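Subject: Structure handover

Hello,

Here is the structure I said I would pass on. My notes on it follow below, for reading alongside the sequence and the model.

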Amino acid sequence: YSAAKAPAEPAELGAVVLPENSTAFTIPAPNPAENNSALLGTFQLAPVIPARALTGKKAATLHLLQSVMQQRCFNRLRTEEQLGYSAKCTHKAIRSRTYSTSYLHVQVLSGNCTAAYLDSRVMNFFKDYVAELVAMSDKEYEKSRSSLVKTTLNKPTDLASEASGIWTEISLHTYSFNISEAMAQTLQSVTKAEVQEMLQEAVLGSARRRA
């Protein structure tokens, strides 16, 4: 009998804290004749928060902002302005054992516009959306919020998905097995005014963290 050597601790997942204001990364296409271009606008919720605070008010508010405006973002950029063949607004949360952070992503793929032009149109959409969000009725806002709460509480549809969620909590040492329920509860307390403030803070404000 010989004792097995204990495995080394896995490397902790890292997240770069974006600097305030804007940072641009331009990657040219390998093929000089390529006409397609892509924009991925990333807005990071800052500061990076403790892992167990992923269901905190700001994280929930950013997720709700994305949910409220995702359809309008598609309609404006893809249907009305016809900037490209794909346009979407998504939300992503990243956790490690120590920290977590949330992101709002806007992605546009185009065959006839430069990335710089796409970026200007996306930012113009956000500026215009301020007024649309203010004008949104309480009934419409509540419908959007309730829909996200319902989606958040969806149960895994297969054993593999359920096991993956449980193992994630174990491997991160967070043990937040009720994270969906906690996020849903926080979402129910987010007001429209707080969503408006988040748009200004995370997307349009001078201290935004954007890449």
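**Arg76 and its surroundings**

Leaving aside residues up to four places away in sequence, Arg76 touches Glu81, Arg121, Asn124, Phe125 and Asp128, where contact means heavy atoms within 4.5 Å. This is a predicted model, in which local features need pLDDT of at least 70 and side-chain atom pairs count only at pLDDT 80 or more, while totals for chains, interfaces and linings use all residues. Residues are numbered from 1 along each chain as its sequence is written, and side-chain values use heavy atoms, with hydrogens and water left out.

Arg76 lies in helix α1. Helices (H or I, at least four residues) and strands (E, at least two) are DSSP runs, numbered from the N terminus. At 8% relative accessibility, Arg76 is buried; the word means under 20% relative accessible area, with exposed over 50% and partly exposed in between (1.4 Å probe, protein chains only).

**Salt bridges**

A search of the whole structure gives eleven salt bridges, each being a side-chain nitrogen of Lys or Arg within 4 Å of a carboxyl oxygen of Asp or Glu. Three of them are described here.

Arg76 pairs with Asp128, and their closest N and O atoms are 2.7 Å apart. The two residues come from distant parts of the chain: Arg76 from helix α1 (residues 57-80) and Asp128 from helix α2 (residues 115-135), 52 residues apart. Asp128 is partly exposed, at a relative accessible area of 34%. A network of salt bridges links Arg76, Glu81, Arg121 and Asp128.

Glu142 and Arg145 form another salt bridge, at 2.4 Å from N to O. Both are in helix α3 (residues 138-152), three residues apart, which is about one turn of the helix. Glu142 is partly exposed at 31%, whereas Arg145 is buried at 15%.

Glu181 forms a salt bridge with Lys155, with 3.3 Å between the closest N and O atoms. Glu181 belongs to helix α5 (residues 179-187) and Lys155 to the loop between α3 and α4 (159-172), so this pair ties together parts that are 26 residues apart in sequence. Glu181 is partly exposed, at 36%, and Lys155 is exposed, at 59%.

**How α1 meets α2**

The helices α1 and α2 pack at an angle of about 130°, with their axes 11 Å apart. Axes are lines fitted to C-alpha atoms, for helices over the stretch in contact, and angles run from 0 to 180 degrees between N-to-C directions. That makes α1 oblique to α2, since angles under 35 degrees count as roughly parallel, over 145 as roughly antiparallel, 65 to 115 as roughly perpendicular and the rest as oblique.

On the α1 side the contact is made by Val68, Met69, Arg72, Cys73, Arg76 and Leu77. On the α2 side, the residues include Arg121, Phe125, Asp128 and Tyr129. By class, the contact has nine nonpolar, one polar and five charged residues (Ala, Val, Leu, Ile, Met, Phe, Trp, Tyr, Cys and Pro count as nonpolar, Asp, Glu, Lys and Arg as charged, and the others, Gly among them, as polar).

**The whole chain**

The protein has six helices and six strands, running β-β-β-α-β-β-α-α-α-α-α-β from the N terminus on. Of its 211 residues, 36% count as buried. Among contacts in the protein with a separation of 6 or more, 82% are between residues 24 or more positions apart.

Regards
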